[in-house]
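Student: I have a model open and some terms to sort out. Can we go through them one by one?

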Amino acid sequence: MLLHRGEKPHVCEVCNKSFTQKGHLNKHMLYHTGKKLHMCEVCNKSFTQKCHLNRHILYHTGERPHICEICNKSFVNKGDLKNHLRIHTGERPHVCEVCNKSFIYKGHLNEHIRIHTREKPHVCDVCNKAFAERHSLNQHILIHTAEKLYVCEVCNKSFTRKATLNVHILSHTGKKPHECEICNKSFALKAHQRSNGRLTLIVRQGLKSQQTSWLQDNLVISSCV
């Protein structure tokens, strides 16, 4: 009856959060006391709630009960499936208040915000270089370990970054996906396309300036004759 009436008589003395049932309050109190009564028998990691332990065990068993009906990708947690579905729906609920860029995951928004705050919490243990995003640090560490995980299937050349491998593959396929909007010339690299565009503009502006100067000189001569 308390649930239907909306009554929550069991109140936490620490944070004043209230609950309909005494058992729910007892579970909640574990967050404040730090007690973790439920321990994983495989890796000894402990949890405050039994349901959290059950979910953790799935990582050891390899079981992924939550399946996407669109692409059949499976997940351990229902929350992960819910986030994944946004890839299909295009929903991006987490919006940056500074630049209005939106993200599927809250964690991605948190990392993005550091671009504005210039906070760099991820520090390299070898050279102390700091990064705003964790994946940027992971990529950087490969420089020190000399580990090259991404291997070209054509020539077996290896690279530290997937993006570098993707660019390299273009040398085998001959694809030039980046087309200059000014002269229609195509390039394998976006940077080369941008450089060409700037150069083309400079050349054209220079020619236009020369033509204007020539016309002005000739008009002056014609008017003097």
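Student: What share of the contacts with a separation of 6 or more comes from residues 24 or more positions apart?

Tutor: In the protein chain, that share is 0%. Contact means heavy atoms within 4.5 Å. Keep in mind that this is a predicted model, where local features need pLDDT of at least 70, side-chain atom pairs count only at pLDDT 80 or more, and totals for chains, interfaces and linings use all residues. Residues are numbered from 1 along each chain as its sequence is written, and side-chain values use heavy atoms, with hydrogens and water left out.

Student: What makes a stretch a helix or a strand?

Tutor: Both are DSSP runs, numbered from the N terminus: helices are H or I, at least four residues, and strands are E, at least two. The protein chain has 8 helices and 14 strands.

Student: Which residues of α4 are called buried?

Tutor: Buried means under 20% relative accessible area, exposed over 50%, partly exposed in between (1.4 Å probe, protein chains only). In α4, L81, H84 and R86 are buried. Their cover includes β5 (66-67), β6 (74-75) and β7 (94-95).

Student: How many residues of the whole chain count as buried?

Tutor: Of its 225 residues, 20% do.
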